[in-house]
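Dear colleague,

I am handing over the structure below, together with a short account of what was found in it. Please read the account with the coordinates open beside you.

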There are 2 protein chains.
Amino acid sequence: MLIISTFVYFVKFPPAKGVHFQNYFVLLHTKYNFCAKDFSMSKNLTSRAEDYSKWYNELVVKAGLAESSGVRGCMVIKPYGYAIWERMRDILDKMFKDTGHQNAYFPIFVPKSYFEAEEKNAEGFAKECAVVTHYRLKADPNQKGKLMVDPQAKLEEELIVRPTSEAIIWNTYKTWIQSYRDLPILINQWANVVRWEMRTRLFLRTAEFLWQEGHTAHATQAEAVEEAQKMNEVYATFVEQYMGVPVVRGRKTETERFAGADDTYCIEALMQDGKALQAGTSHFLGQNFAKAFDVKYATKEGALEYVWASSWGVSTRLMGALIMSHSDDNGLVLPPLLAPIQVVIVPIYKGEEQLQAIRERISPLMQALKERNIAVKFDDDDTQKPGFKFHEYELKGIPVRLAVGQRDLENNTYEVARRDTLTKESVSGDNIITHIEQLLKDIQTNIYQKALAYRDSHITEVNSYEEFKEVLENKGGFLSAHWDGTPETEAKIKEETQATIRCIPLDQKEEAGTCIYSGKPSKGRVLFAKAY
Amino acid sequence: MLIISTFVYFVKFPPAKGVHFQNYFVLLHTKYNFCAKDFSMSKNLTSRAEDYSKWYNELVVKAGLAESSGVRGCMVIKPYGYAIWERMRDILDKMFKDTGHQNAYFPIFVPKSYFEAEEKNAEGFAKECAVVTHYRLKADPNQKGKLMVDPQAKLEEELIVRPTSEAIIWNTYKTWIQSYRDLPILINQWANVVRWEMRTRLFLRTAEFLWQEGHTAHATQAEAVEEAQKMNEVYATFVEQYMGVPVVRGRKTETERFAGADDTYCIEALMQDGKALQAGTSHFLGQNFAKAFDVKYATKEGALEYVWASSWGVSTRLMGALIMSHSDDNGLVLPPLLAPIQVVIVPIYKGEEQLQAIRERISPLMQALKERNIAVKFDDDDTQKPGFKFHEYELKGIPVRLAVGQRDLENNTYEVARRDTLTKESVSGDNIITHIEQLLKDIQTNIYQKALAYRDSHITEVNSYEEFKEVLENKGGFLSAHWDGTPETEAKIKEETQATIRCIPLDQKEEAGTCIYSGKPSKGRVLFAKAY
């Protein structure tokens with residue numbers, strides 16, 4: 001393959017005069033990956049049916065969202081992927097501010113002694129910590145041009161690259177909180193964190209990822225619980241209304257809780273392969289961190305009490321959920337509310353004169369769309385053919401594509417293609433603007449409805465362990481089942497089937513039943529699934 | 001002092017019934033820093049004349065901008081400081097996008113072998129690198145509840161926490177660039193970086209800081225140089241027009257260049273104590289990184305050539321420049337274009353009825369200001385007196401403060417105070433909106449003009465080394481002097497006086513002269529100063 005592509009390239013771009021053609025060919029060929037990009041555009045994606053996992057990996061790279069880096073488990077978020085993440089960040093940021101939160105920034109390093117302070121939290125993250133032990137490199141006396149860690153520059157206390165920031169933040173809150181007048185503290189941070197995962201996948205599980213983490217301090221338990229619930233609902237609203245991904249709101253079992261939390265709320269989404277994906281979590285931390293860092297406040301009555309806490313976060317993992325929820329075998333399908341380009345216009349022309357006529361025709365449309373805050377791009381790149389462009393914009397998930405050719409000029413029409421349904425229609429120039437506005441709304445609604453229908457048809461009530469295993473194996477999705485409430489049963493089911501309890505739904509119905517595994521009594525159903 | 005403040009607090013918030021008063025007192029008192037905040041508001045800042053450095057440190061903390069953390073050299077950026085940084089970031093981000101750049105994100109870790117690849121860059125940063133050597137902690141068998149680095153989890157290759165990202169980014173660009181069609185690459189990243197500085201100061205020099213770093217790749221030398229110049233000018237525009245801080249545009253000497261650059265452009269500002277501050281730099285990197293990472297592209301003619309590069313960055317250091325340029329002994333002075341709150345309204349009232357009347361009076365004004373995108377806050381907190389609030393908003397640098405009392409209600413007036421001049425006037429309600437709009441513009445202009453006048457009166461032409469040392473000692477500021485162009489002379493002057501060459505101004509005049517130190521010939525003056 002590489003030989004062929006090098007040859008194709010060679011023919012297209014022959015060596016300059018004076019360049020020895022054999023050297024040139026070898027240079028081209030030895031340059032690893034040389035023609036990978038040229039090939040990627042013309043080659044189709046692996047289909048979901050063929051290999052869902054491979055489809056995902058290819059899609060992320062080919063659509064220009066992200067790629068692996070030279071650093072184990074760390075990804076490069078490419079410009080197109082980052083532009084989507086930026087939109088998500090900006091919308092979430094506004095939602096946080098509208099609910100009374102402020103942003104701040106805390107150090108990336110957590111001294112080991114702080115990290116140890118909250119025992120469960122420390123235990124939960126110790127196994128996947130990047131640890132800074134030295135603060136200097138020096139020339140390696142044995143290898144010219146190489147560097148080595150300077151043994152003279154060993155830190156007295158090791159620093160953990162934050163896997164989450166409760167420890168460093170609560171050590172700070174200690175000095176900020178004296179009396180009830182200092183509460184609540186409602187702070188959010190946008191940051192990078194590092195968890196040394198062994199098996200990584202772009203966006204879904206990476207050693208370094210970007211996220212936001214809210215950390216709040218309250219005078220009462222009720223307020224802290226309310227905050228955790230409120231932020232879980234903010235996440236649910238964002239994921240459903242903007243990402244177009246329906247979620248189940250629930251609480252985690254004790255086993256699945258955040259390390260250091262008394263209660264974890266979560267939103268769980270379902271991907272097209274029937275596996276669940278935890279899209280966001282919000283924790284009621286009780287007084288665990290207040291006790292670990294001795295954070296007390298003087299009440300109005302003059303008593304001293306420990307402070308109550310919550311924390312909550314979503315990460316670049318949401319990109320994985322977004323990609324897997326809507327995309328198809330042709331590529332990405334983006335919800336209009338998050339698409340960096342919502343409408344693309346492709347001219348179909350022969351010669352500069354026709355192109356100029358098309359430019360004049362679409363100029364007022366471009367203007368009108370921009371005034372309505374619709375992100376529009378006119379692609380007059382003359383090095384690529386329209387067919388290539390169509391293919392590329394399908395791959396990149398642009399919601400609406402307009403094509404304009406000679407016939408459209410004559411008839412005052414546009415060929416309008418929508419990405420979600422892959423359908424086309426001819427639309428009159430007279431009502432193209434309202435048509436596009438409506439279409440963007442329709443697409444946003446449609447992809448949500450489609451994902452919802454899929455999700456709802458993949459919540460199966462099962463009443464025996466046999467049925468559980470059979471549905472899990474053949475259909476996937478969420479299994480709504482009775483469970484006896486013990487971590488032991490939960491662990492055994494996980495061990496035997498890989499399915500975990502995704503959540504105890506917030507709208508769980510009281511219903512007497514027997515545990516599918518142990519036969520012991522249960523008061524209501526919980527949702528199991530295999531998960532990312 | 002702590003005893004007194006604890007006692008004041010104790011009287012104000014006596015212990016609840018049943019709480020032993022002595023225990024309560026001891027608890028209050030032993031809680032370090034307990035009343036620091038209460039005191040900080042009532043105690044004045046150290047004046048600039050008394051101790052400029054102390055004034056700065058106090059101001060940063062008391063105005064709620066940032067504070068030291070428990071991690072050596074790392075700061076906590078507090079909500080008010082972060083809100084200002086956010087505004088700076090958003091404006092810069094738009095300027096980058098308007099000049100054709102896209103954002104992306106690259107890993108925080110740089111494998112040692114990448115780091116070594118560009119020799120000068122590696123040499124320049126090796127001495128201040130945080131190095132990750134292990135990826136796991138484990139329970140310490142000798143100390144219950146303590147963790148230790150797991151010796152089994154030693155990395156095969158050490159990872160450097162990025163001090164700057166050229167190495168990791170050029171290792172990525174290698175796979176992105178094959179032909180001239182892939183160029184230019186115009187990418188920016190917003191990120192945290194770590195440089196293990198030994199003497200740190202909030203915002204000015206911290207071990208971890210936030211910044212943006214642009215990294216571009218070009219087909220020709222001319223394009224890369226043009227990019228570096230263009231971005232230096234973008235920085236100059238931002239710092240002057242938004243921050244209200246005049247800058248000298250220039251180039252660095254070889255000694256002061258970025259490690260790995262062929263040329264460094266910079267903008268230099270002057271602080272109120274006569275010391276210079278480098279506010280931004282933009283580097284022409286030549287083909288240094290392309291050669292280090294073997295990044296070649298096929299030209300249109302089919303030859304293979306190394307790629308040309310630029311990189312450019314500004315950081316949270318700009319916060320230091322902003323604070324030190326305009327602020328006074330009463331606190332921060334913010335340019336309206338960066339102030340998170342531009343207008344604050346303080347009611348002066350007795351009883352709920354009067355407050356309600358004031359609320360009704362200002363409600364349409366608040367509405368009108370918000371419609372004009374003016375950030376306004378109405379402070380009806382009834383736990384603080386107006387005098388306290390005036391003091392606080394002065395400390396926080398809110399550009400315009402309105403007070404409304406009974407007399408203002410009767411006369412349809414507002415008392416309008418401007419922060420930059422500390423003057424007050426009574427303004428009729430009939431033209432309060434246009435008055436405020438004009439005032440914000442005037443303040444923005446005025447603080448720039450004031451800083452410019454100070455800066456211009458502190459550029460002194462000196463023609464002998466005696467004069468140089470005399471002006472440096474007694475007046476400070478920029479010294480415009482002839483220099484023989486050698487690193488040796490530059491080093492000796494630095495050693496003897498602590499002054500460095502801040503830049504060779506872009507508008508340097510050709511002027512024959514003799515070096516103030518060596519007496520050798522010089523073709524033009526350069527700017528020396530002591531610097532942050």
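**The contact between the chains**

Chain A and chain B bury about 7400 Å² between them, with 62% of that area on carbon and sulfur atoms; buried area here is the accessible area, taken with a 1.4 Å probe, that two parts lose on being put together, summed over both. This is a predicted model, in which local features need pLDDT of at least 70 and side-chain atom pairs count only at pLDDT 80 or more, whereas totals for chains, interfaces and linings use all residues. Residues are numbered from 1 along each chain as its sequence is written, chains are lettered from A and ligands numbered from 1 in the order in which they are written, and side-chain values use heavy atoms, with hydrogens and water left out.

The contact (heavy atoms within 4.5 Å) takes 91 residues from chain A and 91 residues from chain B. Between the two chains there are four salt bridges, a salt bridge being a side-chain nitrogen of Lys or Arg within 4 Å of a carboxyl oxygen of Asp or Glu. One salt bridge links B:Glu86 with A:Lys97, where the closest N and O atoms are 3.1 Å apart. On the side of chain A that touches chain B, helix α8 (residues 166-176) of chain A supplies the largest share, six residues; helices (H or I, at least four residues) and strands (E, at least two) are DSSP runs, numbered from the N terminus.

Six strands form an open sheet in the order β4(A)-β8(A)-β5(A)-β5(B)-β8(B)-β4(B), with antiparallel pairing; two strands pair if DSSP finds at least two bridges between them. Its edge strands are β4 (109-111) of chain A and β4 (109-111) of chain B, each of which pairs on one side only. Where the chains meet in this sheet, strand β5 (residues 131-134) of chain A and strand β5 (residues 131-134) of chain B run antiparallel and are joined by three bridges, and A:His134 has B:Val131 as its bridge partner in β5(B). Within chain A, β4(A) pairs with strand β8 (residues 154-161) in the antiparallel sense over three bridges, and A:Pro111 has A:Leu159 as its bridge partner in β8(A).

**A sheet within chain A**

Eleven strands of chain A form an open sheet of mixed pairing, in the order β3-β9-β10-β16-β13-β12-β11-β24-β27-β23-β22. The edge strands are β3 (102-103) and β22 (459-461) of chain A. The pairing of β3(A) with strand β9 (residues 185-194) of chain A is parallel, over two bridges, and A:Asn103 stands opposite A:Asn188 in β9(A).

With best regards
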